Amino acid sequence: MVSDSDVLEFVPKGLWIGSGPVEATGGGTFDVRNPADGTVIAQVADATPEDATRALDAAVAAGPAWAATPSRERGEILRTVFEQLTARAEEFALLMTLEMGKALSESRNEVRYGAEFFRWNSEEAVRIHGRYLNAPSGTGRIMVAKQPVGPCLAITPWNFPLAMGTRKIGPALAAGCTMIVKPASATPLTMLALAKLCSEAGLPDGVLSVITTQRSGAVTGPLIDDPRLRKLTFTGSTEVGKKLVAASANRLLRTSMELGGNAPFVVFDDADVDAAVAGAMQAKLRNGGEACTAANRFYVQRGVVAEFTEKFVAAMADTVVMGPGTDAATTLGPLVSEDQREIVSDLVDDAVAVGARALIGGKVPGGPGWYYPATILGDVPPTARILREEVFGPVAPIVAFDTEEEGVAAANDTEYGLVSYVYTRDLDRALRISEGLESGMVGVNRGVISDPAAPFGGVKESGFGREGGTEGIEEYLNTKYIALT
Ligand SMILES: O=CCCC(=O)O
C-alpha cells in the first residue's frame with residue numbers, strides 16, 4: 001500500500017535539467033494543490049526564461065550522441081521505462097490523483113495507457129527505415145533516409161498528466177530526438193517523477209528535461225524563437241494552439257497540434273440501445289469528462305431517444321459515485337480547479353436558461369473541493385452554448401434528430417474535428433457515416449477509441465499531426481533524399 005507522503009517524496013521538486021533536479025534561477029517556486037480540498041501538496045521550482053535556455057543547452061549538447069545511439073539501445077531504455085512505470089503503477093496513479101483529482105481507477109488506467117507509449121515506441125525505434133530505388137528515368141539511384149528532427153519542445157496539459165507527455169516523449173526519444181517538456185502548472189509533479197524514472201532507467205543526461213513554470217508564455221517563447229529548437233508539439237486548447245502556431249511561423253518551426261474537441265455521439269434507431277448507453281457512459285465519464293475525446297453532444301434518433309435517455313439517466317444514477325479520487329469507491333473525482341468548475345457550471349446554466357432540462361445533476365454541490373456532478377440535459381435547443389463550446393466536464397446534452405442526413409449534419413456542425421462516435425447495427429451505414437464525419441477518428445459502436453497503436457489526432461480546428469500508431473514517430477523524423485549515380 002503506497003502512502004501520499006512516500007509518493008510525494010519520490011518527486012523531485014526542482015527543474016529536471018541535465019542530471020536534474022536543479023533550482024530555478026532566482027529560487028522561485030509555486031504551489032501545487034489537491035483539487036479534492038484545495039490544500040497545498042507540494043511546491044515546485046518556477047522556471048524562468050534563462051532556465052528554459054539551460055534546458056535547451058542540455059538538449060542540444062546531448063543530441064548528437066543520442067541520435068547516434070543504436071536504435072536497439074534507445075528502444076531498450078524505453079522498454080525499461082515501460083517496465084519501471086508498470087512496476088510503480090500504484091505510485092504514479094496516486095500521484096496523478098493527488099495533483100489532478102481524478103478517481104484512482106482512472107489514474108490506474110492512465111498509467112497503463114501512458115506506459116504503453118514507451119513499449120510501443122521501444123518497438124518502433126528499430127523499424128525506422130527509408131528506401132532505395134533505381135530512378136525510373138535511368139539517371140541514377142534514389143535513396144530516402146529518415147533522420148531525427150533534433151531538439152523538441154513539448155507543452156502538455158493537466159488532464160492526463162502522464163499520458164499526454166509519454167505519447168510525445170516515447171516517439172521523440174525512439175526517433176533519436178532530445179526533448180524538453182513543459183507540463184501544465186496545475187499538474188507538474190507526474191512529469192518530474194517521470195524524468196527521474198527515465199534517468200534511473202538509463203536515459204543519458206540532457207536527453208529529457210522538464211521545466212515547470214507558472215509563466216508558460218514567457219518561458220517557452222524564447223525557446224520557440226531559438227534557432228536550435230527544431231520542433232514544437234502541443235496538446236491543449238485550440239485558442240492556445242493557434243497562438244503557438246503563429247509564434248512558430250516566424251521560424252517555420254515544425255509543429256504538431258493536438259487541440260480541442262467537441263465530440264458528437266450519434267445513436268441511430270437501429271442501434272443496440274444498451275450498448276449505446278454503456279458506450280455513452282465511457283465516452284462521457286472517462287477521466288471525469290475532462291478529455292478532448294469526451295462525447296459532448298449526444299444526437300439520438302427520434303425512435304430511440306426516450307429509451308436511450310431513460311437508460312442513460314439510470315446508469316448515471318446507479319453507478320456514479322462522486323468523491324475524493326483517493327476513496328476506493330469513487331468513480332467521479334473533483335474537476336481540476338475552481339475556474340474549470342465555473343466554466344462547466346456556466347455552460348449548464350446557459351443551456352437551462354434557454355430551455356434545456358437537467359434530468360440528473362446540474363447543480364454545484366456545497367462543501368470543499370471542485371466537484372461537479374454527472375449531469376444529463378434533455379431537450380437542448382440549438383442555441384445552447386454547450387453544443388458549440390468544449391465542456392470538459394461530466395455533462396451530456398441530448399438532442400433528438402430525424403433523418404440520417406440531419407444527424408450527420410448536426411455532428412459536423414462544429415469547428416472541431418477530433419473524434420466522433422456512432423452507434424448502429426447496420427454495417428453499410430456505419431461505413432457511410434464514418435466516411436462522412438468530419439473528424440480525425442471515429443468510434444463505431446465503441447465509447448473509447450484511444451490506443452497507442454493507433455494514430456490519434458484531429459482535423460479542422462482540432463489540429464494536425466498524429467500521436468501513436470506507425471504515424472506517431474514520423475512526427476519526429478525528417479525525410480532526406482540522397483541522389484546517387
Ligand atoms: O484529452 C485528450 C487525449 C485523450 C486520449 O488520449 O484518450
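**View 1. Contacts of Glu258 in the predicted model.** Leaving aside neighbours within four places in sequence, Glu258 touches Met164, Arg167, Phe234, Thr235, Gly236, Cys292, Leu418, Phe456, Ser462 and Glu467. The model shown here and in the other views is predicted. Glu258 belongs to strand E9, which spans residues 254-258. A relative accessible area of 5% places Glu258 among buried residues, because buried means under 20%. In an unreviewed entry, UniProt lists Glu258 under "active site".

View 2. Ser107 sits in helix H5, residues 104-124. Ser107 has a relative accessible area of 0% and is buried. Apart from neighbours within four places in sequence, the residues in contact with Ser107 are Ala93, Met96, Thr97 and Lys102. For Ala93, the backbone oxygen lies 3.4 Å from a polar atom of the Ser107 side chain.

**View 3. The buried face of helix H8.** Helix H8 covers residues 216-225, and Val219, Thr220, Leu223 and Ile224 are buried in it. Seen down the axis of H8, these buried residues fall within an arc of 130°, so they line one face of the helix.

**View 4. Domain 1 against domain 2.** The domain assignment divides the protein chain into domain 1, made of 4-259 and 462-484, and domain 2, made of 263-444. Between the C-alpha centres of domain 1 and domain 2 the distance is 31 Å. At the contact between them, 25 residues of domain 1 meet 26 residues of domain 2. The two domains bury about 1,900 Å² between them, and 60% of this area is on carbon and sulfur atoms.

**View 5. Pro35, Trp158 and Ser462 on the domain 1 side.** Pro35, Trp158 and Ser462 supply 27% of the area that domain 1 buries against domain 2. In the domain assignment, the segment 462-484 is part of domain 1.

Conventions:
Residues are numbered from 1 along each chain as its sequence is written. This is a predicted model: local features need pLDDT of at least 70, side-chain atom pairs count only at pLDDT 80 or more; totals for chains, interfaces and linings use all residues. Side-chain values use heavy atoms; hydrogens and water are left out. UniProt positions are given in the numbering used here, feature names are shortened, and annotations may be inferred rather than shown by experiment. Helices (H or I, at least four residues) and strands (E, at least two) are DSSP runs, numbered from the N terminus. Buried means under 20% relative accessible area, exposed over 50%, partly exposed in between (1.4 Å probe, protein chains only). Contact means heavy atoms within 4.5 Å. A polar contact is a pair of N or O atoms within 3.5 Å; within protein, one must be able to donate a hydrogen and the other to accept it, and residues adjacent in sequence count only if both atoms are side-chain atoms. The arc is that of the directions from the helix axis to the C-beta atoms. Domain bounds come from an automatic or database domain assignment. Buried area is the accessible area (1.4 Å probe) that two parts lose on being put together, summed over both.
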